[in-house]
Amino acid sequence: MKIAFMGTPDFSVECLKALAASKHEIVGVFCQPDKPVGRKQELKMPDVKIEALKHNLPVFQPKTLKNGAGVEILKKINPELVIVVAYGKLLPPDFLAYPKYGCINIHASLLPKYRGASPIHHCVLNGETETGVTSMQMDAGLDTGDMLLTEKIPIGINDTTLEMFEKLSSLGADVLMKTIALLEKGELRPVKQDDSKATYAGLLSKEEGLVDWSKSALEIHNKIRGLYSWPGAFTKLDGKTLKLHKAVLSEKKGNNIPGCVVSVNGKFVVCCGDNNCIELEEVQLEGKKRMDAASFLNGYRLSAGKVLG
């Protein structure tokens, strides 16, 4: 089958690799334009472009797909099917309608829950115990098309968003190839989404990383692992930003002062709003390197009773 692939970040790469290793012909790869990064604003290629060039695949980076611009590219490469994995923009109706088999999206959630740009983050932030990947026949809405195939995996109590990205990226490639195989056999059975059960996972901002110590220990733990490694959770210590990279729930009880450090005896334990505690395992003080809690406590004069935030 002649397939065009659309994706931009590293999450999409495993799906592209799986397609490149298959019997199918990849007639083109779409991704977002190169972006300037860093102080020198040097142009950086998207991860999908880097992978596509390894396989000598034609790459297209249109600034827009609207007003027929996207269809003009499709006419040149003539795919029977378009696969979309975290491309980064909505596809216009004329683009969706062009391929013989339409456009199939690989989405990192159990639809209709967590439609939108950051489903993995929000699953972990909300303390979900399972998630998965859904392949979907795309329509003009935001992740609203008919579901084709769904596979689930558990989320452990200490799993971070970064760890779930890696697991779901691999699962996504598996779901993709199974979906295409069913399509070829004529065995896909589309299921309409129940819009009444839909939730939305919007883009996150750095400001959302600020920890509110009046929340429960579980909520704070979910925030730290849910925002790892971007945008990252943080608090304040002596007026400086303290990034909270990793933490676990502690068996210790607090002293009814949210944000109060209750133990510095080799362990960095902090009281939360429900009087339960979390143990900070890896932190990074503003202007310093990231380090484990024991190393941080050895080098910073921190005493029990200090209140963070």
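A: Begin with E130, which counts as partly exposed because its relative accessibility is 37%. Buried means under 20% relative accessible area, exposed over 50%, and partly exposed in between (1.4 Å probe, protein chains only). This is a predicted model, in which local features need pLDDT of at least 70 and side-chain atom pairs count only at pLDDT 80 or more, while totals for chains, interfaces and linings use all residues. Residues are numbered from 1 along each chain as its sequence is written, and side-chain values use heavy atoms, with hydrogens and water left out.

Q: With which residue does E130 form a salt bridge?

A: A salt bridge is a side-chain nitrogen of Lys or Arg within 4 Å of a carboxyl oxygen of Asp or Glu. The partner of E130 is K152, with the closest N and O atoms 3.7 Å apart. E130 is in strand β8 and K152 in strand β9, so the pair ties together parts 22 residues apart in sequence. K152 is exposed, because its relative accessible area is 55%.

Q: How many salt bridges does the rule give?

A: The count comes to 14 salt bridges. One of them joins the side chains of R115 and D195 (2.7 Å, N to O). That pair links distant parts of the chain, 80 residues apart: R115 is in the loop between β7 and α5 (119-125), and D195 is in the loop between α6 (161-185) and α7 (217-226).

Q: Is R115 buried or exposed?

A: R115 counts as buried, because its relative accessibility is 10%. In another salt bridge, R290 and E282 have their closest N and O atoms 2.6 Å apart. Here R290 is partly exposed at 35%, and E282 is partly exposed at 24%. Salt bridges that share partners also join E151, D174 and K178 into one network.

Q: Which strands pair with β7, and in what sense?

A: Strand β6 (residues 81-85) runs parallel to β7 and is joined to it by three bridges, with V82 opposite C103. Strand β8 (residues 130-137) pairs with β7 in the antiparallel sense over four bridges, and there T134 is the bridge partner of H107. On strand β1 (residues 2-7), five bridges form a parallel pairing with β6, where M6 stands opposite V84.

Q: How many residues of β7 are buried?

A: Five of the five residues in β7 (residues 103-107) are buried. Both faces are covered, with C103, N105 and H107 on one side and I104 and I106 on the other.

Q: Which residues make the nonpolar surface patch?

A: Patches are made of residues with over 30% relative accessible area and no salt bridge; like charges are joined within 9 Å, and nonpolar side chains (Val, Leu, Ile, Met, Phe, Trp, Tyr) within 5 Å. Areas come from the Shrake-Rupley method with a 1.4 Å probe; for residues, only the protein chains shown count as cover. M45, I50 and L53 make a nonpolar surface patch of about 220 Å². M45 lies in the loop between β4 (42-44) and α2.

Terms used: Helices (H or I, at least four residues) and strands (E, at least two) are DSSP runs, numbered from the N terminus. Two strands pair if DSSP finds at least two bridges between them.
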